[in-house]
Amino acid sequence: MYNPQLETFLCVAEAGSFNRAAEQLYISPPAVIKQINLLEDSLGVALFIRTHRGLQLTAAGHSLCQDARYIIQYCKDSVTRAKNAMQESAEVIRIGTSPMTPAQFLVNLWPSVQQYDPGIKFQLVPFDNTPENAREILANLGQRIDVVAGIFDETMLNLRRCAGLEISREPICCAVSVHHRLAQKESLTVQDLYGERLMLMRRDWSHYVDLLRDDLWKNHPQIQIVDFDFYSVDAFNQCENNNCVLMAVENWRYVHPLLKILPVDWGYTIPFGLLHAPEPSAQVTRFLQAIRMAAGRPAPG
């Protein structure tokens, strides 16, 4: 942060001799003289007048002596502030948020989370929900983003190379356009979907979705299943524009203003929670524990 020769210079100025300064600094007098000579050469000024009675500060030396104390103390304070800032930032959990990964449930839980760990703060980090971002962010959780809320299962976690803390089991619902014939209902039966095109994520994306898919294929062939590859706003637009039915969860109710999410009586659910790095930092681990306790989830094992 500053030239260490400044500390030697101050010691010499206060001691009044190279020998006494050398004793205080636990180095040899020639080493002290060398440092002062180097400092004078680098500054281009003489700092001391050498006399047989000892050393006297020059006008430049007096000026530097006053400033050096300030410089050294300011630098020390600056390091302290930097360390404090690092500790404060370490307390901040960066939560990735997008239309498909809303953080509202965390906002709702936050008063309870702070009861268990009042030092934790959070910062929302918005991102575009694209296939490329999903791969990049989820494979590198803990770098720019610490956690992301969403639906998942072991298949998806293995695919994205991340881990998950399950908060709840969300009922698998259906989203329909507000102009769709089913939008007049408050809940659906499986039979209500007969003759409809139901958009489901492709096979092998989620074990839970595949269970639903297999049930519909076997027992309800009257429902036409339409595969798609990635959950994004585009999928919601496709649902609305093509008058399809889209598999959804209640947490997505604000993704698209022209879609209505309805519960279905088929009894299928999917895990919902926080995606995080396989080996989260100590701070994220504390956060996850506070979330688990606030949500009333038992500790694993």
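Start by selecting Asn243, which comes after helix 9 and has a positive phi, near 60°. Bear in mind as you go that this is a predicted model.

**Stop 1: helix 9.** Now step back and select residues 233–241, which make up helix 9. Which of its residues are buried? Colour Ala235, Phe236, Cys239 and Glu240, and you have them. Turn the view until you look down the axis of helix 9: the buried residues fall within an arc of 135°, so they line one face of the helix. On the face turned away from that buried side, pick out Asp234 and Asn241, which are exposed.

**Stop 2: Ala139 and Arg161.** Next, select residues 131–139, which form helix 6, and zoom in on Ala139. Ala139 has 22% relative accessibility, so Ala139 counts as partly exposed. Beyond its neighbours within four places in sequence, Ala139 is in contact with Ala134, Arg160 and Arg161.

From Ala139, move across to its contact partner Arg161. Arg161 sits in the loop between helix 7 (154–160) and strand 6 (163–171). Is Arg161 buried or exposed? With a relative accessible area of 57%, Arg161 is exposed. Check its backbone too: phi of Arg161 is near 60°, a positive value in a residue other than glycine. That is worth a look because most residues other than glycine have a negative phi.

**Stop 3: Tyr26.** For another positive phi, select Tyr26, where the value is near 60° and the residue is again not a glycine. Tyr26 lies in the loop between helix 2 and helix 3. Its relative accessibility is 76%, so Tyr26 counts as exposed.

**Stop 4: helix 2 against helix 3.** Select the two helices on either side of that loop. Helix 2 covers residues 18–25, and it packs on helix 3 at an angle of about 105°, with the axes 8 Å apart. That makes helix 2 roughly perpendicular to helix 3. To see the contact, show Phe18, Asn19, Ala21, Ala22 and Leu25 from helix 2, then Pro29, Val32, Ile33 and Ile36 from helix 3. Coloured by type, the residues of this contact divide into 8 nonpolar, 1 polar and no charged.

**Stop 5: helix 1 against helix 3.** Keep helix 3 (residues 29–43) on screen and bring in helix 1 (residues 5–15). Here the packing angle is about 115° and the axes are 9 Å apart. Helix 1 and helix 3 are therefore roughly perpendicular to each other. Their crossing is left-handed.

Which residues meet here? On the helix 1 side, show Gln5, Leu6, Thr8, Phe9 and Val12; on the helix 3 side, show Val32, Gln35, Ile36, Leu38 and Leu39. This contact of helix 1 with helix 3 has 7 nonpolar residues, 3 polar and no charged. Before you close the viewer, highlight Val32 and Ile36: these residues of helix 3 meet helix 2, and they also meet helix 1.

Notes
Residues are numbered from 1 along each chain as its sequence is written. This is a predicted model: local features need pLDDT of at least 70, side-chain atom pairs count only at pLDDT 80 or more; totals for chains, interfaces and linings use all residues. Side-chain values use heavy atoms; hydrogens and water are left out. Axes are lines fitted to C-alpha atoms, for helices over the stretch in contact, and angles run from 0 to 180 degrees between N-to-C directions. Helices (H or I, at least four residues) and strands (E, at least two) are DSSP runs, numbered from the N terminus. Angles under 35 degrees count as roughly parallel, over 145 as roughly antiparallel, 65 to 115 as roughly perpendicular and the rest as oblique. A crossing is left-handed if the near helix is turned anticlockwise from the far one by less than a right angle, and right-handed if clockwise. Contact means heavy atoms within 4.5 Å. Ala, Val, Leu, Ile, Met, Phe, Trp, Tyr, Cys and Pro count as nonpolar, Asp, Glu, Lys and Arg as charged, and the others, Gly among them, as polar. Buried means under 20% relative accessible area, exposed over 50%, partly exposed in between (1.4 Å probe, protein chains only). The arc is that of the directions from the helix axis to the C-beta atoms.
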